[in-house]
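Student: Please take a close look at one part of this model. Then set it in its wider context.

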Amino acid sequence: MIAFLGQGRMGVPMARRLVEAGHEVTTWRRSDGVPVATAVDGAELIITMLSDPAAVREVLTAALPGLRPGATVVEMSTIGPDAVRELRALLPASVGLVDAPVLGSVGPAAEGTLTVLAGGDVAGLREVLGVFGPVRECGPLGSGAAMKIAVMSALVPAQVLLAETFAYGEAHGVDRKALIDVLSGTPLGTLAERLRVPSPETRYSLAHATKDLELGAWQGATMATAARARMREALAAGLGERDLTAIAERTASRPGRRAVPLNLSTIPTTNGMYSHAVRAGDTLYISGQAAFDEHGDIVGEGSMEAQAEHVFQVVSRILADQGAGFEDVVFIRTYLTDMEERAALGRVRRKYITGTPPASTTVEVSKLFMPGLLLEMDLIVALPR
């Protein structure tokens with residue numbers, strides 16, 4: 001029996017391929033309400049096709065009580081080699097693990113023409129994996145995941161490059177159709193044709209492409225890092241569920257330096273009247289941050305140190321999202337309801353601001369927007385190129 005733990009556009013057609021090939025398949029999705037351990041109970045083969053490393057880790061952790069000795073987990077998501085090694089440490093020694101991410105989108109998934117990039121011992125699994133498409137054995141455990149990230153680190157930035165090429169042509173009066181016709185005769189021809197008309201159907205979402213690029217933008221990877229910035233802008237503009245080809249439409253319609261609002265899901269939502277931060281070119285403006293949680297309740301009520309710690313943690317998440325750190329902060333403005341609390345604030349601030357101090361202004365105010373708040377802080381950041 002095969003337990004298929006999957007979701008989204010790829011999971012459904014892949015599970016259907018297994019059933020059509022005559023395999024007994026139990027499927028699991030978050031919305032089913034069935035415990036993962038129950039779904040995998042008795043399965044000889046467990047296939048995971050999930051959104052990101054965190055989701056795979058969470059689901060397989062929940063599956064542990066139901067995994068039988070001698071079972072094999074085939075991890076087919078795009079999570080990178082480091083996450084595969086973490087899974088090997090998580091799973092019992094009696095449970096096998098193979099990483100087998102795929103190249104291709106929804107159409108090839110339904111047709112069985114995906115390319116399976118397998119890492120680890122695939123003896124006995126070739127027939128099952130072959131249901132999805134040709135199997136390429138890449139080497140030891142983790143090599144399939146590494147191959148997938150390496151490939152996407154080329155393909156995604158290449159599409160961003162072409163999007164910027166179209167934007168340049170548009171700004172200089174070059175006919176887009178003519179430009180693509182010329183590019184079609186070059187090694188970039190296939191990708192240029194794909195971007196000629198952005199796909200109305202989401203085959204490979206911009207959100208998933210950004211996630212893949214996040215895994216591949218290693219330190220020193222200048223092309224992938226630059227492309228990641230473009231992709232993050234498109235995500236902030238609400239294009240995450242669009243096909244990756246929408247990056248051409250986005251870049252062409254908003255050339256040059258522009259203001260991009262940023263709202264992170266990892267910090268409390270705004271009231272809709274402001275954004276957590278706004279990026280304009282290489283400058284990031286962070287809105288006033290205060291110590292309240294996702295329910296609107298005060299964090300660390302009555303304690304300057306507790307509230308300051310919360311504010312700096314929130315700011316650190318915003319900075320990290322843009323590939324920056326506190327060393328990139330050029331200006332901090334702090335509003336205090338009691339200037340006598342400066343020393344407590346300073347103790348926390350020195351934990352985060354460890355290098356050359358930025359320009360700063362500290363102001364005492366009679367009250368802040370929520371009773372019980374002791375400070376609010378806004379910042380200006382020079383983003384690293």
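Tutor: Start with Thr210: beyond its neighbours within four places in sequence, Thr210 is in contact with Met231 and Leu235. Contact means heavy atoms within 4.5 Å. This is a predicted model, where local features need pLDDT of at least 70 and side-chain atom pairs count only at pLDDT 80 or more, while totals for chains, interfaces and linings use all residues. Residues are numbered from 1 along each chain as its sequence is written, and side-chain values use heavy atoms, without hydrogens and water.

Thr210 sits in helix α10, residues 206–216. Helices (H or I, at least four residues) and strands (E, at least two) are DSSP runs, numbered from the N terminus. With a relative accessible area of 2%, Thr210 is buried. Buried means under 20% relative accessible area, exposed over 50%, and partly exposed in between (1.4 Å probe, protein chains only).

Now the wider context. The protein chain has 14 helices and 14 strands. Of its 385 residues, 48% are buried. Among contacts with a separation of 6 or more, 66% join residues 24 or more positions apart.

The structure also holds four aromatic pairs. Rings of Phe, Tyr and Trp (its six-membered ring) pair if their centres lie within 6.5 Å; planes under 30 degrees apart count as stacked, over 60 as edge-to-face, the rest as tilted. One of them, Phe292 with Phe369, is edge-to-face, at 5.9 Å centre to centre and 85° between the planes. Phe292 lies in the loop between β11 (283–289) and α13 (304–321), Phe369 in the loop between β13 (359–364) and β14 (375–382), 77 residues apart. Phe292 is buried, at 14% relative accessible area.
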